[in-house]
Amino acid sequence: MSAPPPAVNVAADSMRDFYNQIAGRADDDVTGSAQRGASTAAQWLDFPGCVFVRGEFRADPDGRAIVATGLFISVAFDDGTSRGILTRACGGERQMTAIAVREAVAARRSVRCDERPAIGLALPQASIDGLGLGDEFRALFKNDEAGTAIISLTASPRVQAVAAEMFSPPVGGNAAQLLLSAHAAEIVVHALFSERGRIEVDPAADLQRMRLQSVKERMDADLAYPWSIDELARNAGLSRRSFNQKFQMAYGESAIDYLRGQRLDAARDLLIHQRLSVTEAAFRVGYAHPANFATAFRRRFGHSPSRCQSI
């Protein structure tokens with residue numbers, strides 16, 4: 001295999017330098033360190049190309065840190081306790097703070113935020129340009145002379161939920177890496193575009209989407225339960241009519257059609273992989289009458305459920 005072109009080697013070296021400057025050893029007087037007490041050390045995410053820490057990026061108050069050229073994002077979230085809302089020393093609740101650095105600077109200390117829950121992302125200039133977001137990054141600076149720019153935003157419920165899931169991923173291994181990368185990319189977009197008004201954050205609408213997602217997940221978790229539109233609407237805090245409309249808009253089909261599809265897909269898996277009888281599979285996914293199940297199954301898949309038993 002031929003060696004990578006020089007430009008690739010230079011970019012890789014710059015990434016390593018950036019990582020070392022941001023996430024280096026705590027006893028090195030020219031590096032920063034992740035928040036003490038964080039559950040894991042800093043790690044590099046190839047996509048979107050950033051250093052991720054559970055906590056915040058901090059300079060050693062007894063030494064110095066080199067703040068490299070790039071974008072630094074800190075997101076606080078509510079951990080459900082009385083101290084679960086991170087506040088910066090300058091005040092403000094549920095903060096998402098982005099610090100853009102155009103020229104590397106030395107920092108002697110950083111904002112202290114106790115040990116409250118937060119996540120930190122740091123993207124070098126090379127990653128920002130590689131994502132095609134150089135113009136958006138430069139737009140954060142008010143004028144050409146400014147070396148740094150600090151943007152404080154109120155983290156929406158969606159962003160808080162994403163940050164909390166990054167802090168404690170529900171999966172492990174490669175799946176966790178994939179999840180962290182996806183969430184990191186989403187937070188970067190919010191940090192860059194919310195300030196420019198391209199993402200209108202409506203807290204009420206964001207909360208509503210979270211409630212709809214919660215209702216959808218409850219259906220997925222218990223397909224056999226006799227869900228009714230009235231109960232689903234109550235769980236979402238909406239009227240029956242409003243729930244039907246908003247679920248359709250969010251997921252492209254009505255809640256009943258979605259539930260029916262999930263039940264039939266699950267039943268098909270039970271028939272093929274667990275070799276259940278048609279009657280047992282029907283009961284397992286919430287059908288009280290096997291005949292109704294068979295009719296709905298045929299409409300969805302174009303054949304009878306008994307055919308799956310011969311696959």
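Colleague: Which residue stands opposite I119 in β9?

Modeller: In this predicted model, R54 stands opposite I119 of strand β9.

Colleague: How many bridges join β3 to β9, and do the two run parallel or antiparallel?

Modeller: Strand β3, residues 50-54, is joined to β9 by four bridges, and the two run antiparallel.

Colleague: What about β6 and β9, how many bridges there?

Modeller: Strand β6, which spans residues 70-76, pairs with β9 over seven bridges, again in the antiparallel sense. Several residue partners can be named.

Colleague: What is the strand order of the open sheet?

Modeller: The order is β2-β3-β9-β6-β7-β10, an open sheet of six strands with antiparallel pairing. β2 (43-45) and β10 (148-154) each have a single partner strand, so one side of each is left without a neighbour in the sheet. On average, neighbouring strands are turned by 20° against each other, direction ignored.

Colleague: Which helices lie on it?

Modeller: Helix α4, residues 157-167, lies across β3, β6, β7 and β9, and runs at about 90° to β9. Helix α5, residues 173-194, also packs on the sheet, where it touches β2, β3, β6, β7, β9 and β10. The direction of α5 makes about 75° with that of β2.

Colleague: Back to β9: how many of its residues are buried?

Modeller: Seven of the seven residues in β9 (118-124) are buried, so the strand is mostly covered under the cut-off of 20% relative accessible area.

Colleague: Which of them point which way?

Modeller: A118, G120, A122 and P124 point one way from β9, while I119, L121 and L123 point the other way, and all are buried. In a regular strand, side chains alternate between the two faces of the sheet.

Colleague: How many residues of β6 are buried, and which way do they point?

Modeller: In β6, seven of seven residues are buried. G70, F72, S74 and A76 point one way from the strand, and L71, I73 and V75 point the other way.

Colleague: Changing topic, how many aromatic pairs does a search of the whole structure find?

Modeller: The search finds eight aromatic pairs. One of them joins F243 and F247, whose ring centres are 5.7 Å apart with the planes at 50°, so the pair is tilted.

Colleague: Why are F243 and F247 separated by about one helical turn?

Modeller: Both belong to helix α8, residues 240-251, and because they are four residues apart in that helix, about one helical turn separates them.

Colleague: How far apart in helix α8 are F247 and Y251?

Modeller: They are four residues apart in α8, so about one helical turn lies between them. Y251 has 27% relative accessibility and therefore counts as partly exposed.

Colleague: Which residues do the ring pairs link into a cluster?

Modeller: The cluster consists of F243, F247, Y251 and Y258, linked through ring pairs.

Colleague: Where is S254 found?

Modeller: S254 is in the loop between α8 and α9 (255-273). The side chain of S254 reaches the backbone nitrogen of D257 at 3.1 Å. Leaving aside neighbours within four places in sequence, S254 is in contact with F247 and Q248.

Colleague: One last topic, charges over rings: which ring does the charged end of R102 sit over?

Modeller: The charged end of R102 sits over the ring of F141, at 4.1 Å from the ring centre.

Colleague: And over the face of which residue does R268 lie?

Modeller: R268 lies over the face of F301, at 5.4 Å from the ring centre.

Notes: Residues are numbered from 1 along each chain as its sequence is written. This is a predicted model: local features need pLDDT of at least 70, side-chain atom pairs count only at pLDDT 80 or more; totals for chains, interfaces and linings use all residues. Side-chain values use heavy atoms; hydrogens and water are left out. Rings of Phe, Tyr and Trp (its six-membered ring) pair if their centres lie within 6.5 Å; planes under 30 degrees apart count as stacked, over 60 as edge-to-face and the rest as tilted. Buried means under 20% relative accessible area, exposed over 50%, partly exposed in between (1.4 Å probe, protein chains only). A charge sits over a ring if NZ of Lys or CZ of Arg is within 6 Å of the ring centre and within 35 degrees of the ring normal. Two strands pair if DSSP finds at least two bridges between them. A polar contact is a pair of N or O atoms within 3.5 Å; within protein, one must be able to donate a hydrogen and the other to accept it, and residues adjacent in sequence count only if both atoms are side-chain atoms. Contact means heavy atoms within 4.5 Å. Axes are lines fitted to C-alpha atoms, for helices over the stretch in contact, and angles run from 0 to 180 degrees between N-to-C directions.
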